[in-house]
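The following paragraphs lead the reader through a model of two protein chains. Please keep the sequence and the coordinates in view while reading.

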Amino acid sequence: MDSLFSCRNCIHNCSQTLSLGFGDGFCLKHDSVIENPYDTTCKYLHRKDLPYFVVDEGVREHASEYVFFTNMATLSDKKPLSLVRYSERHVWDNRHFSPIIHSLSQYHRMNPSWVFVQNFAGSADGIRAITHASLVRHYLDNCGNWKSSYRLILALLQEIHKTPYIADSELVLNEGYNRDEIKEDAFWEIIFSRLSALQEYGWHAGNEEITWITDKVNGSLTDFDWNSLSMELEDIVHKNIDKY
Amino acid sequence: MGETTDKINYFRKDQKNGISPPNLTMDCTYSEHIVRARGKRIKFTSVSLEPNRIRDFGPTLYKLKSDEVISAGHQIVEHQFLLNALRNEAQNGVKAERVRALQAIRYAKRRKEGIVDWEFDISNIDRKKIIAWAKGQVNKYFSRQS
């Protein structure tokens, strides 16, 4: 079982990462609650941690392993899973209400869906930040053409240098790792997902500069120095936003 | 590849019936392996300086027999050497290789990862049977701990 191929690392499960977002997830692709996102996957996996086009060979191989499953399946032993529709009953039975999952379960009822996506823009909260970046990527994946996601990308650009706040209670604590390590991982998962969203937009738009925006930032990204990186990103965005 | 001494122990959690075999025909870079860019099974085997850090593949703990690996002509890419190689790729690479190297640094640090680069002679092995053959070979270099 390789967690990089789990629903936790998939953009269609918007509100979680490998380190962030405790409990159930919700899949926009299957319109289903994900009861064990660490051990769930499907053929539509679209990795959150990297732009699609730099890991496409591995993702295609994964899709071929799950091609004959109608819905989701377990990652550990490839057993089919039934869809779990979100409902008040489900919340009641599980004694746990998640406002973000409640919200995401309404996604397909919103028309147009970009209205729903833009409502997540501009939040400093880590869960909402990862949800916003993932929703933009999900929309990009499904929209008519790249121009229809232009405004959504502008919103993402304006928050790309802002520091997300991560609550300890939202961390996924794993044996053998300390809280600070997990918190740092969660932080970079959000930053890389935002960068990946921009890069995927660049790919759709045929814009080489945005596709490889990671080549424009200097040592701060390699050193994982967020203070310097956020300033560099802010500078790049301000100088280039008209071109985008 | 980096200094290997018998003082450094490497571990990996994997299946009860043994170590998941590599695909010795699938060549790739360290960063491609770590981020699984070319699939889940390629020619390397990941190991960790800590027993609990690599556990994606199963519950059973194995320890790498480092001395035997080196004696047999295989290479252990030590954790620090691996990080340096990835940093170099992230600093000097461009486009996709840079992007993959950046994430690979995070994952390798998190997992305290090293890599075994197998140097088996596979010239006479039937390609269709190579994974099954590799399973028998690589398991000789691990001892079960739990």
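In this predicted model, the contact between the chains draws on 22 residues from chain A and 24 residues from chain B. On the side of chain A that touches chain B, helix 1 (56-65), helix 7 (179-205) and helix 9 (219-222) each contribute at least two residues. By residue class, that side of chain A comprises 10 nonpolar, five polar and seven charged residues.

B:Leu102 belongs to helix 4 of chain B, which covers residues 95-111. Is B:Leu102 buried or exposed? A residue is classed as buried when 20 or more other C-beta atoms lie within 10 Å of its own; B:Leu102 has 25 C-beta neighbours inside 10 Å and is therefore counted as buried. When residues up to four places away in sequence are left aside, B:Leu102 touches A:Thr214, A:Leu221 and A:Thr222 in chain A, together with B:Ala90 in its own chain. Along the chain, B:Ala90 and B:Leu102 are 12 residues apart, and their C-alpha atoms are separated by 5.7 Å.

The description now turns to each chain as a whole, beginning with chain A. Its secondary structure consists of 10 helices and four strands. Starting at the N terminus, the order of these elements is β-β-β-α-β-α-α-α-α-α-α-α-α-α. For the 244 residues of chain A, the globule rule gives 18 Å; the radius of gyration is 17 Å, close to that value, so chain A is as compact as a globular protein of that length. Taken along the principal axes, the C-alpha atoms of chain A fill a box of roughly 50 × 45 × 35 Å. Of the 244 residues in chain A, 41% are buried. Among contacts in chain A between residues at least 6 apart in sequence, those joining residues at least 24 apart account for 63%.

Chain B contains five helices and six strands, arranged along the sequence as β-α-β-β-α-β-α-α-β-α-β. How does the radius of gyration of chain B stand against that of a compact globule? A compact globule of 146 residues would have a radius of gyration near 15 Å, and chain B, at 15 Å, agrees with this. The C-alpha trace of chain B spans about 40 × 35 × 30 Å along its principal axes. Buried residues account for 42% of the 146 residues in chain B, and B:Leu102 is counted as buried. Where contacts in chain B link residues at least 6 apart in sequence, 78% of them join residues at least 24 apart.

Note on methods. Residues are numbered from 1 along each chain as its sequence is written. Chains are lettered from A and ligands numbered from 1 in the order in which they are written. This is a predicted model: local features need pLDDT of at least 70, side-chain atom pairs count only at pLDDT 80 or more; totals for chains, interfaces and linings use all residues. The radius of gyration is taken over C-alpha atoms; the globule rule is 2.2 Å times the number of residues to the power 0.38. A residue is buried if 20 or more other C-beta atoms lie within 10 Å of its own, exposed if 12 or fewer, and partly exposed in between; C-beta atoms are placed from the backbone. Two residues are in contact if their C-beta atoms, placed from the backbone, lie within 7 Å. Ala, Val, Leu, Ile, Met, Phe, Trp, Tyr, Cys and Pro count as nonpolar, Asp, Glu, Lys and Arg as charged, and the others, Gly among them, as polar.
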